[in-house]
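Student: Could you take me through one part of this model up close? I'd like to hear about the aromatic ring pairs.

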Amino acid sequence: MNNTPYPTKPILVIDDEESILFSVDTILQLAGMNNVLTCSDSKQAMALVGQSSPSVILLDLNMPHLDGGAILDQLTGQYPQIPVIIITGRIDAETAVSCMKSGAFDYIVKPVDENRLVASVRKSLQYSELQDENLVLKEQLRQGALKYPEAFAEIITCSPKMLLLFGYIESIAKTSQPVLISGETGTGKELIARAIHRLSDTHGEFIAVNVAGLDDNVFTDSLFGHVKGAFTGANAPRMGLVERAADGTLFLDEIGDLSATSQIKLLRLLQEKEYMPLGQDSTRISRARVIASTHVDLWELQQKELFRQDLHYRLRTHRIVLPPLRERKEDIELLVDHLSQSAAQALKKPKPRIPQELMSLLASYHFPGNIRELQAMVFDAIAQHKSGILPLTVFRAHIATVRQSEAKIHPNHSSNGIPLTFADPLPTIKQATRMLVEEAMHRAGSNQSAAAAMLGITQQALSNRLKKMV
């Protein structure tokens, strides 16, 4: 049996009726919320709040000794960040309005409806977690430093954009809410997901699955598992990935490719934290934190009715957008050094010297495949090197091939997809050539080899043009 407390900070139930305390505690336990404290003496309520720092308080209005309304006033005055749900037998609108004006988060009438109670507590837990995150994020922004830099050790960067994201990640990592990681292919989305898992203080596993191309049957069986006899060939029960990721992290890669039927099942998992293995009629409670990633625009898919709006909003409770490598070029030198070392070790070869001309060449490239593309280039170059110096030929050949391919697909666009803009009146061929050469030399840091690669000509041809321009 899993005894990990959820939520981390307890849910406090204050009511003078023991039967109500038992009923509410049972309902919450069955819904997967096992960290519940109960209090039947209203005189001890405020002291217990100070001792336990609850995430949510469920408060009865009609109690002897100290009225629930008086306790609510004290709570909203001393602990405004804690959501309070009123539970009472009064059903008049005036009482409800009065409670909400006094700062109550929600209002539930006895006898308590189970679904209504669970939905209200879950909503208040989300609110409580967001409040905590905001406090943590404000403190991190004030200090301007990471508390746990070791969690990001696998991610090679000195980019201010990435370091700012790391601070945000630290602030959200300990919550149970979903995270959506967006970014182009090859930007390191799974590395970010693993960093979130390391920072979450959970004791379960990190389970990753690529959902692209999975039909609904495979998706359901993979995530939720099945019982013996669920279908032909199901000779033994199978544990699903949701169960394997209990008290850990379930990482769903390429969520934008999920089928419509599977989207409905995932939505229920996120909203209700419930799922059913194939062949089983009763639901199970999920204890996995879900992180999803995508390289496509979910807003665009939503507009085309290929992705559910409600699932999209549920997934993006927290959203991380990774910058492409072309927007963090200060990392290129660090990455080349790290990737060269890794490739040399894998190939059992000495690490070659990295020529500075390579940095100028790569700084002028837009990396449509991002870090994964750079990794492939470096590995290929390490495999071919024999002289002790990392050869530029591999990089030049790759970049030239990509630019030629893009030129065929988009003949009127530059390599990064930005349309060319011409002056009015148009420059002459001679003037345009001069400006193009000057811009290439500027981007290449006056390195002729790198500039020639950008222009698609030989170094000798560029050298001849430069002499004529003097």
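**Aromatic pairs up close**

Tutor: Let's start with Tyr 275, which counts as buried at 6% relative accessibility (buried is under 20% relative accessible area, exposed over 50%, partly exposed in between, with a 1.4 Å probe and protein chains only). Before going on, keep in mind that this is a predicted model, where local features need pLDDT of at least 70, side-chain atom pairs count only at pLDDT 80 or more, and totals for chains, interfaces and linings use all residues. Side-chain values use heavy atoms, with hydrogens and water left out, and residues are numbered from 1 along each chain as its sequence is written.

Phe 224 is buried too, with a relative accessible area of 5%. Phe 219, Phe 224 and Tyr 275 are linked by ring pairs into a cluster; rings of Phe, Tyr and Trp (its six-membered ring) pair if their centres lie within 6.5 Å, and planes under 30 degrees apart count as stacked, over 60 as edge-to-face and the rest as tilted.

The structure holds seven aromatic pairs. One of them is Phe 206 with Phe 251, stacked at 5.9 Å centre to centre with 25° between the planes. Phe 206 sits in strand S7 (residues 206-210) and Phe 251 in strand S10 (residues 249-253), so this pair ties together parts 45 residues apart in sequence. Strands here are DSSP runs (E, at least two residues) and helices likewise (H or I, at least four), numbered from the N terminus. Both Phe 206 and Phe 251 are buried.

Back to Phe 224 and Tyr 275: their ring centres are 5.5 Å apart and their planes at 25°, so that pair is stacked. Phe 224 belongs to helix H8 (residues 216-224) and Tyr 275 to strand S11 (residues 274-275), so the pair ties together parts that are 51 residues apart in sequence.
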